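Good morning, colleagues. I would ask you to look at the sequence and the model together while I go through a few local features.

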Amino acid sequence: MAKQIDYFLTPTSPWTYLGHARFAEMAKRHGASVSVKPVDYGVIFPQSGGLPLAKRAPQRQAYRLTELARWRDHLGVPLNIHPKFFPADPTQAACLICAAPEGKRLAVAGDCLRAVWAEEKNIADAGVIAEIAARHGIADAAAAAVARGKALYESNTQEAVARQVFGAPTYVYRDELFWGQDRLDFLERALA
């Protein structure tokens, strides 16, 4: 049976960033194909009981920063817990990922995540999106690619709601949800 993982994400999630390279390597090692599905958590959170970061209780916000530093240090992944351009509107980056050829979506997503969390870049800026698009040989102008990806972004979001996705990242394998980069060990066991 073919191994297929649906990967629901937003390009502004630090947790998605922390797990992205490990997940991509794991999928490759297990011969799994990945369907990269950027989604709009602004639509998902109200339906699933989640709150955007700014509306979370102060103690939850403080603990999130502690955990980000712990995971960054544990994994040895460069991550600025206070990036210059966060929060940023993820729409252009998400639509660019959707518009990329399927075989490049994982790499484009990685570049978008790294731009926010390691490179101090604003993924809401058309110039940054154009730079990422060019790096991956996306032939049309970044603005056209973003427009082309919008319908898939919206479709992915509705699919995520229907499949009970509520946070980022969520990996779905054989209809089982694995929420969070800290669940990658469980996903790997399922793949094995």
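Let me begin with a definition: a residue is called buried at under 20% relative accessible area, exposed at over 50%, and partly exposed in between, using a 1.4 Å probe and protein chains only. With that in hand, Asp-175 is exposed, because its relative accessible area is 67%.

Please keep in mind that this is a predicted model, in which local features need pLDDT of at least 70, side-chain atom pairs count only at pLDDT 80 or more, and totals for chains, interfaces and linings use all residues. Residues are numbered from 1 along each chain as its sequence is written, and side-chain values use heavy atoms, with hydrogens and water left out.

I stay with Asp-175 for a moment. Its phi is near 65 degrees, a positive value in a residue other than glycine. Asp-175 sits in the loop between β3 and β4 (176-179). Here helices are DSSP runs of H or I with at least four residues, strands are runs of E with at least two, and both are numbered from the N terminus. Gln-164 belongs to the loop between α7 and β3, and with a relative accessible area of 59% it is exposed. As background, most residues other than glycine have a negative phi, and most peptide bonds are trans.

Pro-169 is joined to Ala-168 by a cis peptide bond with omega of about -5 degrees. Another cis peptide bond runs from Phe-86 to Pro-87, with omega near 0 degrees. Pro-87 is placed in the loop between α3 (58-75) and α4 (91-99).

I turn next to the aromatic residues. Rings of Phe, Tyr and Trp (its six-membered ring) are paired if their centres lie within 6.5 Å; planes under 30 degrees apart are stacked, over 60 edge-to-face, and the rest tilted. By this rule there are six aromatic pairs. One of them is the stacked pair of Tyr-7 and Tyr-171, at 5.4 Å centre to centre and 15 degrees between the planes. Tyr-7 is in strand β1 (residues 4-9) and Tyr-171 in strand β3 (residues 170-173), so that distant parts of the chain, 164 residues apart, are linked by this pair. Are these two residues buried or exposed? Tyr-7 is buried, at 0% relative accessible area, and Tyr-171 is likewise buried at 0%.

Tyr-171 also pairs with Phe-23, in a tilted arrangement with 4.7 Å centre to centre and 40 degrees between the planes. Since Phe-23 lies in helix α1 and Tyr-171 in strand β3, this pair ties together parts that are 148 residues apart in sequence. Phe-23 and Tyr-171 are both buried. Together, Tyr-7, Phe-23 and Tyr-171 make up one aromatic cluster.

Helix α1 also carries His-20, which is buried at a relative accessible area of 8%. Contact here means heavy atoms within 4.5 Å. Apart from neighbours within four places in sequence, His-20 contacts Tyr-7, Leu-106, Ala-109, Gly-110 and Leu-113.

How do the axes of α1 and α8 cross? Axes are lines fitted to C-alpha atoms, for helices over the stretch in contact, and angles run from 0 to 180 degrees between N-to-C directions. The axes of α1 (residues 14-29) and α8 (residues 184-191) come within 11 Å and cross at roughly 5 degrees. Helix α1 is therefore roughly parallel to α8, a term that covers angles under 35 degrees, with over 145 being roughly antiparallel, 65 to 115 roughly perpendicular and the rest oblique. On the α1 side the contact involves Gly-19, Arg-22, Phe-23, Met-26 and Arg-29, and on the α8 side Leu-184, Leu-187, Glu-188 and Leu-191.

I close with the cysteines. A disulfide is a pair of cysteine sulfur atoms within 2.5 Å, and the structure holds zero of them. Cys-95 is in no disulfide, and the nearest cysteine sulfur, in Cys-98, is 6.1 Å away. The sulfur of Cys-112 is 10 Å from the closest cysteine sulfur, also that of Cys-98, which is too far for a bond. Cys-95 is buried at 1% relative accessibility, and Cys-112 is buried at 0%.
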